[in-house]
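Open the model in your viewer and keep the sequence panel beside it.

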Amino acid sequence: MSTSAEWEDLVSTALVGTDRRPLPGQEASEVELLGRAAVHTLRMRAGRRPVAAGEPPAVAAPEEQPAVSRAAGERLSRILGGEQPRLLTEWLETAAARGYRLSPHLLPELLDHAAKDRSIRPHLGVLAGNRGRWLAGLNPAWAFLLEEVTGVATTGSDEVSEIWEFGTPGDRRVHLGALRATDPARARELLAAGWEKETAEDRAAFLEVLVTGLSPDDEPFLEAALDDRRREVRNQAADLLTRLPGSRLALRMAERVARYVTVSGGEIHVTPPVACDSTMERDGIRAKPPRGTGERSWWLQQAVARTPLGVWPRLLGRPPRDLVRMKIVDWGRELMAGWVRASVIQGDPEWALELFAWDPLADLLAALPRDRQEIVAADFVRRHGLDGQLIMVLGGAAAPWGPVLATAVLQKIIDVSGTQPWNLGELARLAGERIDPTLHDMAGRLSPEPPIQEVAALLRFRDDMLKELR
């Protein structure tokens, strides 16, 4: 009997029961059925004979990157085995940034993990090395690796490199970014030359690179991208044009919102659009609202979000601080939500700071400069109780947290440790994962409370982990 026929026979018996369909040559036993199924499964996993003769696969190319140290590899094995599993991304990100590659025996488990978790794929593109890419070419489930950054060095020369012509999508993005940092015009010209041949996913990703060195010289290219057939490309182009206060899109949006928003009697009055025409859609305003959102509300929010923030003080005659605090007669929630989205898209720290005072959001905190982030976040921690919002806001503070924010968070843990709120453990874990790990001694001396000592232990674990990757 063939292997597949044997398996089908076992499955049929399991479905109808051994009483109705006894196993050949055996007593009607469920135990025997399970035993045969286990043996068959092991046989299938062990391998199969090829159905036809063929050439063996080519060997993997020699490795060019240094392997991680034995201690670092062993720690990664412990993380994969369940010890501090939330540190996996930090380990991978750090090792990839330093140009290491993984030991071959770690590759299958991590590639399986990345097949389910897309967030770690960019790091594995570097860490997998030539052996990993060789494996990815043999297993379709790991083929995603062939799209990621490999860590190949790039240059900003005038010549179109082999990386741009033949590299992975990830390597091409890195190459374009390196060129954009040194010669923005050349990078834009390189992208424009083959624009129509790129996939929609790559076109959108390449546009993200143009945020570096963005200038009015980019406007004609981005304005043309507003006519792209894919929405994600149009939206990315509109986001970039919104960052150019003098762009034609910015002027069109300013003209629109001047009809929607006015100031009278010290109050803001809003009249949302009554329709979404094709010109609005071209400028990045989507006509169909999400479920549960009204059309006019949706159009207004998007129009405000697509308007350069510098328009509002000129249009309404007030600075951002006053506008955020003024009474809005109607449609206030939509106007404020649009300003929040605009602050995040445009990365405007003045608006982000004023809006954070109105509605503390992680995205607004992330829009602030790094040094300002820590001060604002620490002040928020001191004034706010331990709840889900506090933990979400802290998610917007870039790691590693310095002494100011670290002290505020650790003191909050001490203050509430006696009450044992349900989310104390989550705050302690977040602190251990985000505080600068070199502060572990400071944390350990701060208090003998168990949650603080747990934070200190996690910081020591991270400190040792990062030292092993140096």
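**Stop one: the cavity**

This is a predicted model, and it holds one cavity of 30 Å³ or more. The volume of the largest cavity is about 40 Å³.

Which residues line the largest cavity? Select Arg370, Gln373, Glu374, Ala397, Ala398, Trp401 and Leu405. Color them by type: the lining divides into four nonpolar residues, one polar and two charged. Now extend the selection to helix 22, residues 370-383. Helix 22 gives the most to this lining, with three residues.

**Stop two: a cis peptide bond**

Next, select Ala399 and Pro400. The peptide bond that joins Ala399 and Pro400 is cis, with omega at about 0 degrees. Where is Pro400 found? Show helix 23 (388-394) and helix 24 (403-416); Pro400 is in the loop between them.

**Stop three: a positive phi**

Move to Gln84. Its phi is positive, about 50 degrees, although Gln84 is not a glycine. To place Gln84, show helix 3 (70-80) and helix 4 (88-97). Gln84 lies in the loop between helix 3 and helix 4.

**Stop four: two packed helices**

Two packed helices are described by the angle between their axes and the distance between the axes. Select helix 11 (residues 200-209) and helix 13 (residues 231-242). They pack at an angle of about 10 degrees, and their axes are 9 Å apart. Angles under 35 degrees count as roughly parallel, so helix 11 and helix 13 are roughly parallel to each other.

Now show the side chains of the contact. Helix 11 brings Ala200, Arg203, Ala204, Leu207 and Glu208. Helix 13 brings Glu232, Val233, Gln236, Ala237 and Leu240. Color this contact by type as well: it divides into six nonpolar residues, one polar and three charged.

**Last stop: the whole chain**

Zoom out and show the chain as a cartoon. How many helices and strands are there in the protein chain? There are 27 helices and two strands. Is the chain more spread out or less spread out than a compact globule? Its radius of gyration is 28 Å, well over the 23 Å that the globule rule gives for 470 residues, so the chain is more spread out. Along the principal axes, its C-alpha atoms fill a box of roughly 95 × 60 × 55 Å.

Conventions:
Residues numbered from 1 in each chain as written. Predicted model: local features only at pLDDT ≥ 70, side-chain atom pairs only at ≥ 80, totals over all residues. Heavy atoms only, no water. Axes fitted to C-alpha atoms, helices over the stretch in contact; angles between N-to-C directions. Helix = DSSP H or I, 4+ residues; strand = E, 2+ residues; numbered from the N terminus. Parallel < 35°, antiparallel > 145°, perpendicular 65-115°, else oblique. Contact = heavy atoms within 4.5 Å. Nonpolar A, V, L, I, M, F, W, Y, C, P; charged D, E, K, R; others polar. 1 Å grid on protein atoms, 1.4 Å probe; cavity = no way out; pocket = protein on both sides within 12 Å on 5 of 7 lines; lining within 4 Å. Points joined across faces, edges and corners; volume = space filled by probe spheres on them. Rg over C-alpha atoms; globule rule 2.2 N^0.38 Å.
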